[in-house]
Amino acid sequence: MDLIDLLVSSSSDDSDSDSEVLFNIFFGTPGDPTVNKIRVETFVEDVIDKYSDEQFRQQFRLKKSTAEHLIDRYQSSSYGRINEGRGRKGIPPKNQMLAFIWFSANKDSYREVCNLFNMSESTFFNHLNSVLDFFYDISKQVIAFPDTDEAKEQVAADFRKLSRFENVIGCIDGTYIPIRKPANKIRSTYINRHDMVSMTVQGVCDADQKFLDICVGSPSKIHDSRIFTLSPLSDELPGICDQRYHLLGDAAYPLREYLLTPYRNDGRMNRQRRKYNLMHAQTRVKIENAFSLLKNRFRQLVRLDFFTVERMCKFVMACCVLHNVCISLNDHLEDIQNIQDGLNNEAEVRNTAAYRDPDIRDAALRRLGEIKRDNIANNL
(Lines give C-alpha, C1' and ligand atoms only; values in the text may rest on other atoms or scores of the structure.)
Protein backbone atom coordinates (compact mmCIF):
# COMPACT_ATOMS: atom_id res chain seq x y z
CA MET A 1 0.00 0.00 0.00
CA ASP A 2 1.50 3.36 -0.97
CA LEU A 3 1.26 6.71 0.85
CA ILE A 4 -1.89 7.86 -0.96
CA ASP A 5 -3.70 4.60 -0.20
CA LEU A 6 -2.77 4.84 3.48
CA LEU A 7 -4.03 8.39 3.79
CA VAL A 8 -7.26 7.68 1.92
CA SER A 9 -7.95 4.56 3.98
CA SER A 10 -8.01 6.56 7.23
CA SER A 11 -11.59 7.49 8.12
CA SER A 12 -11.35 8.94 11.63
CA ASP A 13 -12.31 12.63 11.82
CA ASP A 14 -10.38 13.86 14.84
CA SER A 15 -8.41 10.87 16.04
CA ASP A 16 -4.64 10.60 16.11
CA SER A 17 -4.64 7.74 13.58
CA ASP A 18 -3.63 10.10 10.75
CA SER A 19 -0.59 11.23 12.70
CA GLU A 20 0.40 7.71 13.69
CA VAL A 21 0.18 6.49 10.09
CA LEU A 22 2.40 9.36 8.93
CA PHE A 23 4.90 8.69 11.71
CA ASN A 24 5.20 5.07 10.65
CA ILE A 25 5.64 6.08 7.01
CA PHE A 26 8.31 8.73 7.51
CA PHE A 27 10.10 7.55 10.66
CA GLY A 28 9.54 3.78 10.73
CA THR A 29 7.78 1.74 13.36
CA PRO A 30 9.20 1.50 16.91
CA GLY A 31 11.90 -1.12 17.07
CA ASP A 32 12.36 -1.30 13.31
CA PRO A 33 15.76 -3.01 12.85
CA THR A 34 16.29 -1.16 9.57
CA VAL A 35 16.35 2.19 11.42
CA ASN A 36 19.59 2.88 13.29
CA LYS A 37 19.44 6.47 14.43
CA ILE A 38 22.17 8.26 16.32
CA ARG A 39 21.00 10.89 18.81
CA VAL A 40 22.43 13.08 21.54
CA GLU A 41 22.30 10.82 24.59
CA THR A 42 22.96 13.23 27.48
CA PHE A 43 21.85 16.62 26.18
CA VAL A 44 19.89 17.42 29.37
CA GLU A 45 22.68 16.39 31.77
CA ASP A 46 25.67 17.70 29.81
CA VAL A 47 24.20 20.87 28.30
CA ILE A 48 20.86 22.07 29.71
CA ASP A 49 21.74 21.46 33.38
CA LYS A 50 24.90 23.54 32.88
CA TYR A 51 23.12 26.53 31.33
CA SER A 52 23.27 29.76 33.26
CA ASP A 53 19.92 31.38 33.97
CA GLU A 54 20.30 33.71 31.01
CA GLN A 55 21.43 30.94 28.64
CA PHE A 56 18.46 28.83 29.71
CA ARG A 57 16.10 31.74 29.14
CA GLN A 58 17.48 32.41 25.67
CA GLN A 59 16.96 28.81 24.59
CA PHE A 60 13.65 28.05 26.31
CA ARG A 61 12.19 31.59 26.33
CA LEU A 62 11.32 31.31 30.01
CA LYS A 63 13.28 31.29 33.27
CA LYS A 64 14.92 28.18 34.69
CA SER A 65 12.92 28.63 37.89
CA THR A 66 9.67 28.61 35.88
CA ALA A 67 10.68 25.38 34.15
CA GLU A 68 11.56 23.81 37.51
CA HIS A 69 8.14 24.80 38.85
CA LEU A 70 6.44 23.14 35.86
CA ILE A 71 8.60 20.02 36.14
CA ASP A 72 7.76 19.62 39.85
CA ARG A 73 4.07 20.07 39.15
CA TYR A 74 4.18 17.61 36.24
CA GLN A 75 6.12 14.99 38.20
CA SER A 76 3.62 15.08 41.04
CA SER A 77 0.67 14.60 38.68
CA SER A 78 -0.67 11.36 37.29
CA TYR A 79 0.58 12.33 33.83
CA GLY A 80 4.29 12.47 34.63
CA ARG A 81 4.88 8.73 34.80
CA ILE A 82 7.95 6.89 33.56
CA ASN A 83 7.28 3.94 31.30
CA GLU A 84 8.38 0.80 33.09
CA GLY A 85 8.79 -2.79 32.05
CA ARG A 86 10.89 -4.47 29.41
CA GLY A 87 12.53 -2.53 26.63
CA ARG A 88 14.14 0.85 26.57
CA LYS A 89 14.38 2.81 29.81
CA GLY A 90 11.55 5.31 30.26
CA ILE A 91 12.04 9.03 29.67
CA PRO A 92 12.11 10.98 32.97
CA PRO A 93 9.29 13.51 33.48
CA LYS A 94 11.91 16.28 33.60
CA ASN A 95 13.07 15.42 30.09
CA GLN A 96 9.50 15.13 28.87
CA MET A 97 8.63 18.63 30.08
CA LEU A 98 11.90 20.18 28.85
CA ALA A 99 11.40 18.61 25.42
CA PHE A 100 7.88 20.04 25.25
CA ILE A 101 8.97 23.55 26.28
CA TRP A 102 11.86 23.46 23.78
CA PHE A 103 9.48 22.32 21.05
CA SER A 104 6.94 25.04 21.92
CA ALA A 105 9.46 27.88 22.18
CA ASN A 106 11.44 27.08 19.03
CA LYS A 107 10.25 26.39 15.52
CA ASP A 108 11.88 22.93 15.59
CA SER A 109 10.51 19.78 14.02
CA TYR A 110 9.71 16.56 15.86
CA ARG A 111 12.90 15.03 14.43
CA GLU A 112 15.13 17.85 15.71
CA VAL A 113 13.66 17.69 19.22
CA CYS A 114 13.97 13.90 19.29
CA ASN A 115 17.62 14.02 18.20
CA LEU A 116 18.42 16.45 21.02
CA PHE A 117 16.46 14.72 23.78
CA ASN A 118 17.36 11.15 22.78
CA MET A 119 13.95 9.70 22.10
CA SER A 120 12.23 8.20 19.11
CA GLU A 121 9.57 10.13 17.27
CA SER A 122 6.84 7.78 18.46
CA THR A 123 8.06 8.18 22.07
CA PHE A 124 8.02 11.97 21.82
CA PHE A 125 4.59 11.76 20.23
CA ASN A 126 3.28 9.75 23.22
CA HIS A 127 4.90 12.03 25.81
CA LEU A 128 3.55 15.07 23.98
CA ASN A 129 0.08 13.61 24.54
CA SER A 130 0.76 13.28 28.27
CA VAL A 131 2.09 16.84 28.63
CA LEU A 132 -0.80 18.31 26.63
CA ASP A 133 -3.30 16.38 28.78
CA PHE A 134 -1.55 17.67 31.91
CA PHE A 135 -1.85 21.30 30.81
CA TYR A 136 -5.44 20.80 29.71
CA ASP A 137 -6.23 19.31 33.13
CA ILE A 138 -4.89 22.34 35.03
CA SER A 139 -6.20 24.91 32.55
CA LYS A 140 -9.40 25.58 34.54
CA GLN A 141 -7.30 26.44 37.59
CA VAL A 142 -4.86 28.69 35.72
CA ILE A 143 -7.24 30.37 33.24
CA ALA A 144 -10.30 31.68 35.09
CA PHE A 145 -12.25 34.84 35.86
CA PRO A 146 -12.03 36.25 39.40
CA ASP A 147 -14.72 34.55 41.46
CA THR A 148 -15.10 36.94 44.41
CA ASP A 149 -16.20 40.58 44.66
CA GLU A 150 -12.80 41.52 46.10
CA ALA A 151 -10.93 39.86 43.25
CA LYS A 152 -13.15 41.49 40.62
CA GLU A 153 -12.64 44.91 42.19
CA GLN A 154 -8.87 44.38 42.16
CA VAL A 155 -8.93 43.56 38.43
CA ALA A 156 -11.10 46.64 37.78
CA ALA A 157 -8.70 48.78 39.82
CA ASP A 158 -5.75 47.56 37.74
CA PHE A 159 -7.57 48.53 34.55
CA ARG A 160 -8.58 51.88 36.04
CA LYS A 161 -4.89 52.78 36.40
CA LEU A 162 -4.40 52.49 32.63
CA SER A 163 -6.89 55.08 31.41
CA ARG A 164 -9.42 55.74 34.20
CA PHE A 165 -11.98 53.46 32.51
CA GLU A 166 -14.29 52.19 35.26
CA ASN A 167 -15.48 48.65 36.11
CA VAL A 168 -13.54 46.79 33.43
CA ILE A 169 -12.75 43.17 34.31
CA GLY A 170 -11.38 42.04 30.96
CA CYS A 171 -10.61 42.80 27.33
CA ILE A 172 -11.76 40.44 24.60
CA ASP A 173 -10.50 39.85 21.07
CA GLY A 174 -9.65 37.11 18.61
CA THR A 175 -6.41 36.22 16.87
CA TYR A 176 -5.55 33.97 13.94
CA ILE A 177 -3.30 30.94 14.42
CA PRO A 178 -2.00 29.74 11.04
CA ILE A 179 -2.35 25.96 10.67
CA ARG A 180 -2.04 23.20 8.11
CA LYS A 181 -5.37 21.96 6.79
CA PRO A 182 -6.69 19.55 9.42
CA ALA A 183 -7.09 15.92 8.42
CA ASN A 184 -10.49 15.09 6.91
CA LYS A 185 -11.62 18.74 7.00
CA ILE A 186 -12.65 21.06 4.19
CA ARG A 187 -9.92 23.61 3.52
CA SER A 188 -12.24 26.47 2.57
CA THR A 189 -13.85 26.53 6.04
CA TYR A 190 -10.48 27.48 7.57
CA ILE A 191 -9.61 30.28 5.12
CA ASN A 192 -9.51 33.69 6.83
CA ARG A 193 -9.87 37.12 5.22
CA HIS A 194 -6.13 37.15 4.48
CA ASP A 195 -6.52 33.96 2.42
CA MET A 196 -4.61 31.88 4.99
CA VAL A 197 -5.59 28.56 6.54
CA SER A 198 -6.05 29.32 10.23
CA MET A 199 -8.16 28.86 13.32
CA THR A 200 -9.35 31.67 15.57
CA VAL A 201 -8.49 31.88 19.26
CA GLN A 202 -10.87 34.04 21.30
CA GLY A 203 -9.26 35.36 24.45
CA VAL A 204 -10.08 37.56 27.44
CA CYS A 205 -7.25 39.02 29.52
CA ASP A 206 -6.79 41.22 32.59
CA ALA A 207 -4.58 44.30 32.97
CA ASP A 208 -1.52 42.09 33.56
CA GLN A 209 -2.15 40.41 30.20
CA LYS A 210 -3.06 37.15 31.91
CA PHE A 211 -5.76 35.17 30.16
CA LEU A 212 -9.09 34.87 31.98
CA ASP A 213 -10.84 32.86 29.27
CA ILE A 214 -9.79 31.05 26.10
CA CYS A 215 -12.00 29.60 23.37
CA VAL A 216 -10.04 27.79 20.67
CA GLY A 217 -10.89 25.67 17.65
CA SER A 218 -13.21 27.80 15.53
CA PRO A 219 -12.42 27.97 11.80
CA SER A 220 -11.30 31.49 10.88
CA LYS A 221 -13.97 31.82 8.22
CA ILE A 222 -16.45 32.42 11.07
CA HIS A 223 -16.90 36.04 12.15
CA ASP A 224 -15.66 37.08 15.61
CA SER A 225 -19.15 37.99 16.80
CA ARG A 226 -20.47 34.58 15.77
CA ILE A 227 -17.62 32.83 17.59
CA PHE A 228 -18.48 34.84 20.69
CA THR A 229 -22.18 33.99 20.42
CA LEU A 230 -21.42 30.28 20.11
CA SER A 231 -18.86 30.23 22.94
CA PRO A 232 -19.83 29.31 26.53
CA LEU A 233 -18.58 32.75 27.61
CA SER A 234 -21.57 34.52 26.03
CA ASP A 235 -23.92 32.71 28.42
CA GLU A 236 -21.66 33.07 31.45
CA LEU A 237 -20.83 36.79 31.15
CA PRO A 238 -24.11 38.23 32.52
CA GLY A 239 -23.56 36.31 35.76
CA ILE A 240 -19.86 37.15 35.92
CA CYS A 241 -20.41 40.87 35.34
CA ASP A 242 -23.56 41.12 37.49
CA GLN A 243 -24.72 44.37 35.78
CA ARG A 244 -21.82 46.30 37.29
CA TYR A 245 -18.74 45.11 35.43
CA HIS A 246 -18.09 44.72 31.72
CA LEU A 247 -15.59 43.55 29.10
CA LEU A 248 -14.20 45.79 26.39
CA GLY A 249 -14.22 44.54 22.80
CA ASP A 250 -13.71 46.05 19.36
CA ALA A 251 -16.49 46.88 16.93
CA ALA A 252 -16.63 43.30 15.65
CA TYR A 253 -18.47 42.29 18.82
CA PRO A 254 -22.14 42.87 19.67
CA LEU A 255 -22.74 45.76 22.06
CA ARG A 256 -24.12 44.56 25.39
CA GLU A 257 -24.42 45.85 28.92
CA TYR A 258 -21.62 43.44 29.86
CA LEU A 259 -19.60 43.94 26.62
CA LEU A 260 -18.88 47.52 25.61
CA THR A 261 -17.66 48.38 22.12
CA PRO A 262 -16.42 51.72 20.68
CA TYR A 263 -18.69 54.23 18.96
CA ARG A 264 -18.81 53.99 15.19
CA ASN A 265 -17.89 57.17 13.38
CA ASP A 266 -21.30 57.78 11.80
CA GLY A 267 -21.03 61.58 11.67
CA ARG A 268 -22.38 62.11 15.18
CA MET A 269 -19.06 61.91 17.05
CA ASN A 270 -18.74 64.57 19.76
CA ARG A 271 -15.88 65.25 22.19
CA GLN A 272 -17.21 62.85 24.83
CA ARG A 273 -17.54 60.00 22.35
CA ARG A 274 -14.07 60.59 20.96
CA LYS A 275 -12.61 60.57 24.46
CA TYR A 276 -14.57 57.42 25.26
CA ASN A 277 -13.14 55.71 22.15
CA LEU A 278 -9.61 56.78 23.03
CA MET A 279 -9.85 55.48 26.60
CA HIS A 280 -11.55 52.33 25.34
CA ALA A 281 -8.69 51.70 22.89
CA GLN A 282 -5.96 52.47 25.43
CA THR A 283 -7.48 49.88 27.76
CA ARG A 284 -8.44 47.26 25.18
CA VAL A 285 -4.90 47.16 23.73
CA LYS A 286 -3.96 44.82 26.59
CA ILE A 287 -5.51 41.85 24.80
CA GLU A 288 -3.48 42.68 21.68
CA ASN A 289 -0.36 42.78 23.85
CA ALA A 290 -1.27 39.45 25.43
CA PHE A 291 -1.57 37.74 22.04
CA SER A 292 1.72 39.32 20.94
CA LEU A 293 3.50 37.98 24.02
CA LEU A 294 1.96 34.54 23.51
CA LYS A 295 3.10 34.25 19.90
CA ASN A 296 6.54 35.70 20.56
CA ARG A 297 7.25 33.32 23.41
CA PHE A 298 5.90 30.19 21.72
CA ARG A 299 7.20 30.18 18.17
CA GLN A 300 5.34 27.02 17.18
CA LEU A 301 2.26 29.26 16.99
CA VAL A 302 3.76 30.90 13.90
CA ARG A 303 2.22 27.91 12.12
CA LEU A 304 0.86 24.74 13.71
CA ASP A 305 1.82 21.60 11.85
CA PHE A 306 -0.39 19.14 13.71
CA PHE A 307 -2.77 16.92 11.76
CA THR A 308 -5.93 17.01 13.91
CA VAL A 309 -8.03 19.85 15.30
CA GLU A 310 -8.04 18.26 18.76
CA ARG A 311 -4.24 18.30 18.99
CA MET A 312 -4.09 21.89 17.69
CA CYS A 313 -6.58 23.02 20.33
CA LYS A 314 -4.77 21.23 23.15
CA PHE A 315 -1.44 22.71 22.10
CA VAL A 316 -2.79 26.28 21.94
CA MET A 317 -4.44 25.81 25.33
CA ALA A 318 -1.16 24.49 26.77
CA CYS A 319 0.66 27.59 25.49
CA CYS A 320 -1.98 29.85 27.09
CA VAL A 321 -1.58 28.01 30.41
CA LEU A 322 2.21 28.41 30.18
CA HIS A 323 1.71 32.11 29.39
CA ASN A 324 -0.32 32.58 32.58
CA VAL A 325 2.13 30.57 34.70
CA CYS A 326 5.00 32.76 33.47
CA ILE A 327 3.13 35.95 34.38
CA SER A 328 2.19 34.58 37.81
CA LEU A 329 5.88 33.83 38.47
CA ASN A 330 7.00 37.27 37.19
CA ASP A 331 8.68 35.65 34.21
CA HIS A 332 8.36 38.39 31.61
CA LEU A 333 9.69 38.24 28.08
CA GLU A 334 11.70 41.44 28.25
CA ASP A 335 13.35 41.15 24.85
CA ILE A 336 10.12 41.66 22.94
CA GLN A 337 10.15 45.15 21.47
CA ASN A 338 7.63 47.31 19.69
CA ILE A 339 4.58 45.97 21.48
CA GLN A 340 2.08 48.77 21.42
CA ASP A 341 1.49 50.38 24.81
CA GLY A 342 -1.41 52.54 23.73
CA LEU A 343 -3.43 53.78 20.81
CA ASN A 344 -3.55 57.43 19.87
CA ASN A 345 -6.34 57.06 17.38
CA GLU A 346 -9.87 55.85 17.64
CA ALA A 347 -10.46 52.13 17.58
CA GLU A 348 -10.21 50.56 14.17
CA VAL A 349 -13.27 48.68 13.00
CA ARG A 350 -11.87 45.19 12.28
CA ASN A 351 -13.79 42.82 10.06
CA THR A 352 -17.04 44.60 10.74
CA ALA A 353 -19.30 43.64 7.94
CA ALA A 354 -22.06 44.60 10.30
CA TYR A 355 -23.27 41.66 12.32
CA ARG A 356 -26.92 42.46 12.85
CA ASP A 357 -28.98 41.48 15.87
CA PRO A 358 -31.37 38.81 14.61
CA ASP A 359 -34.28 39.24 17.00
CA ILE A 360 -36.00 41.52 19.49
CA ARG A 361 -34.13 40.07 22.48
CA ASP A 362 -30.76 40.96 20.96
CA ALA A 363 -32.03 44.44 20.10
CA ALA A 364 -33.05 44.93 23.74
CA LEU A 365 -29.65 43.72 24.98
CA ARG A 366 -27.94 46.09 22.59
CA ARG A 367 -30.07 48.98 23.83
CA LEU A 368 -28.98 48.28 27.42
CA GLY A 369 -25.39 48.40 26.22
CA GLU A 370 -25.97 51.70 24.43
CA ILE A 371 -27.43 53.25 27.59
CA LYS A 372 -24.50 52.13 29.71
CA ARG A 373 -21.97 53.29 27.11
CA ASP A 374 -23.62 56.70 26.79
CA ASN A 375 -23.63 57.12 30.58
CA ILE A 376 -19.91 56.39 30.74
CA ALA A 377 -19.11 58.74 27.83
CA ASN A 378 -21.20 61.59 29.23
CA ASN A 379 -19.49 61.33 32.63
CA LEU A 380 -15.96 61.54 31.25
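Reply: Buried means under 20% relative accessible area, exposed means over 50%, and partly exposed lies in between (1.4 Å probe, protein chains only). The model is a predicted one, in which local features need pLDDT of at least 70 and side-chain atom pairs count only at pLDDT 80 or more, while totals for chains, interfaces and linings use all residues. Residues are numbered from 1 along each chain as its sequence is written, and side-chain values use heavy atoms, with hydrogens and water left out.

Me: Phenylalanine 103 and phenylalanine 315: buried or exposed?

Reply: Both phenylalanine 103 and phenylalanine 315 are buried.

Me: What helices and strands does the protein chain have?

Reply: The protein chain has 14 helices and five strands. These are DSSP runs numbered from the N terminus: helices are H or I with at least four residues, strands are E with at least two.

Me: How do helix 6 and helix 13 pack?

Reply: Helix 6 (residues 93–105) and helix 13 (residues 309–328) meet at an angle of about 100°, and their axes are 12 Å apart. Axes are lines fitted to C-alpha atoms, for helices over the stretch in contact, and angles run from 0 to 180 degrees between N-to-C directions. The two helices are therefore roughly perpendicular to each other; angles under 35 degrees count as roughly parallel, over 145 as roughly antiparallel, 65 to 115 as roughly perpendicular and the rest as oblique.

Me: Which residues make the contact?

Reply: Helix 6 contributes Phe100, Phe103 and Ser104, and helix 13 contributes Phe315, Ala318 and Leu322. Contact means heavy atoms within 4.5 Å. The residues of this contact divide into five nonpolar, one polar and no charged. Here Ala, Val, Leu, Ile, Met, Phe, Trp, Tyr, Cys and Pro count as nonpolar, Asp, Glu, Lys and Arg as charged, and the others, Gly among them, as polar.

Me: On to aromatics: how many pairs are there?

Reply: The structure holds 20 aromatic pairs. Rings of Phe, Tyr and Trp (its six-membered ring) pair if their centres lie within 6.5 Å; planes under 30 degrees apart count as stacked, over 60 as edge-to-face and the rest as tilted. Phenylalanine 56 and phenylalanine 60 form a stacked pair, with 4.3 Å centre to centre and 15° between the planes.

Me: Where do those two lie?

Reply: Both lie in helix 4 (residues 53–60), four residues apart, about one turn of the helix. Phenylalanine 56 is buried at 3% relative accessible area, and phenylalanine 60 is buried at 1%.

Me: What about the pair of phenylalanine 103 and phenylalanine 315?

Reply: That pair is edge-to-face, with 6.0 Å centre to centre and 75° between the planes. The pair links distant parts of the chain, since phenylalanine 103 in helix 6 and phenylalanine 315 in helix 13 are 212 residues apart. Both belong to one aromatic cluster, whose members include Tyr74, Phe100 and Phe306.

Me: Where is arginine 61 found, and what is in contact with it?

Reply: Arginine 61 is found in the loop between helix 4 and helix 5 (64–75), and is buried with a relative accessible area of 18%. Beyond its neighbours within four places in sequence, arginine 61 is in contact with Phe56, Ala105, Asn296, Arg297, Arg299 and Leu333.
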